[in-house]
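Welcome! Here is a short briefing to read alongside the sequence and the 3D view. Take a look at the structure first, and then follow the points below.

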Amino acid sequence: MSAEITVLLVDDEPLVRAGLRAIIDAEPDLRVVGEAADGAEVGPLVTRSRPDVVLMDVRMPAVDGIQATRLLSRRDDPPRILVVTTFENDDYVYEALVAGAHGFLLKRARPEEIVQAVRLVARGDSLLFPAAIRRLAASHGGNGGDALAAAGLSEREAEVLRLVAAGLSNAEIAAELVVGTETVKTHVGNVLTKLGVRDRTQAVIAAYESGFISPR
């Protein structure tokens, strides 16, 4: 990825797209490379413009953000996907995260929060809001049994997964466990591999859905 972060906007409301474009294009390191009014338009636009980040509305008339996210995630080199939503407890948000989104952003977020979220997701991090994820997982989670036992996580890897689910960054986990950040990165990588997931968001979803972590 180049120093400039390119962004594709996907929302069926022109005013929302215009507002997001104004916020993003005002930053020297961010640039909007395209807009779509429906998920059906996303595939060709991504192929043509190759954005680093897609800001994806979840509720659209023809192809919603969940299906569009699922299709993009199947690509060999998918963009990072940030779901934009009105309500953080929307089931659509949870389904979009399960489909492969790297986090979500509220439409009422302040401009500086939007810019920070785009940069965070672009550099490969996941945008997690632990309290909101717990609320969403409460209606989707497992039965309380450790269904991740078959993954064979070590005690330290399980501890790291719990801290990731709590929203801690690698640096914060390193401080908590009194180890180096490279050690934490190794543990996180091992967790993703053993769970067969792409990123931290998917690992947290798996932890809640299996009952490994209780949302209650």
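A residue counts as buried when its relative accessible area is under 20%, and as exposed when that value is over 50%. Ser210, at a relative accessible area of 10%, is therefore buried. Keep in mind that the model you are looking at is predicted. Its secondary structure comes to ten helices and five strands.

**The protein as a whole**

- The protein has 216 residues, and 49% of them count as buried.
- Take the contacts in the protein with a separation of 6 or more: residues 24 or more positions apart account for 68% of these.

**Helix H10 and its ends**

- Helix H10 covers residues 200–210, and nine of its eleven residues are buried, so H10 is largely enclosed by the rest of the structure.
- The buried residues of H10 are Arg200, Thr201, Gln202, Ala203, Val204, Ile205, Ala207, Tyr208 and Ser210.
- At the start of H10, Asp199 uses a side-chain oxygen to reach within 3.1 Å of the backbone nitrogen of Thr201.
- Arg200 belongs to H10, and its relative accessibility of 14% is under the 20% limit, so Arg200 counts as buried.
- Just after H10 comes Gly211, which takes a positive phi of about 90°.

- Start with helix H7 (residues 155–165) and helix H8 (residues 170–177), whose axes come within 10 Å and cross at roughly 130°. This angle makes H7 oblique to H8.
- The crossing of H7 past H8 is right-handed.
- On the H7 side, Arg156, Glu159, Val160, Leu163 and Val164 take part, and they meet Ile173, Glu176 and Leu177 in H8. Sorted by class, the contact of H7 with H8 has five nonpolar, no polar and three charged residues.
- Next, the axes of H8 and helix H9 (residues 181–195) come within 8 Å and cross at roughly 110°. An angle from 65 to 115 degrees counts as roughly perpendicular, so that is how H8 and H9 are placed relative to each other.
- H8 brings Asn170, Ala171, Ile173 and Ala174 to this contact, while H9 brings Thr181, Val184, Lys185 and Val188. The classes here are five nonpolar, two polar and one charged.
- The remaining pairing to look at is H7 with H9, packed at an angle of about 95° with their axes 9 Å apart. H7 and H9 are therefore roughly perpendicular to each other.
- Which residues make the contact between H7 and H9? From H7 they are Arg156, Glu157, Val160, Leu161 and Val164, and from H9 they are His187, Val188, Asn190, Val191, Lys194 and Leu195. Six are nonpolar, two are polar and three are charged.

**Met56 in strand S3**

- Is Met56 buried or exposed? Its relative accessibility is 0%, so Met56 counts as buried.
- Met56 lies in strand S3, which covers residues 53–57.
- Setting aside neighbours within four places in sequence, Met56 is in contact with Val10, Val42, Gly65, Ala68, Thr69, Leu72, Ile81, Leu82, Val83 and Val84.
- Met56 and Asp38 are 18 residues apart along the chain, and their C-alpha atoms are separated by 9.4 Å.

**Two loop residues with positive phi**

- Arg50 sits in the loop between helix H2 (42–49) and S3. Although Arg50 is not a glycine, its phi is positive, near 45°.
- With 57% relative accessibility, Arg50 is over the 50% limit and so counts as exposed.
- Val178 is in the loop between H8 and H9. Its phi is near 55°, again a positive value in a residue other than glycine.
- Val178 has a relative accessible area of 73%, so Val178 is exposed.

Definitions and conventions: Residues numbered from 1 in each chain as written. Predicted model: local features only at pLDDT ≥ 70, side-chain atom pairs only at ≥ 80, totals over all residues. Heavy atoms only, no water. Helix = DSSP H or I, 4+ residues; strand = E, 2+ residues; numbered from the N terminus. Buried < 20%, exposed > 50% of the residue type's maximum accessible area, 1.4 Å probe, protein only. Contact = heavy atoms within 4.5 Å. Axes fitted to C-alpha atoms, helices over the stretch in contact; angles between N-to-C directions. Parallel < 35°, antiparallel > 145°, perpendicular 65-115°, else oblique. Left-handed = near helix turned anticlockwise from the far one by under 90°. Nonpolar A, V, L, I, M, F, W, Y, C, P; charged D, E, K, R; others polar. Polar contact = N/O pair within 3.5 Å; in protein donor to acceptor, adjacent residues only side chain to side chain.
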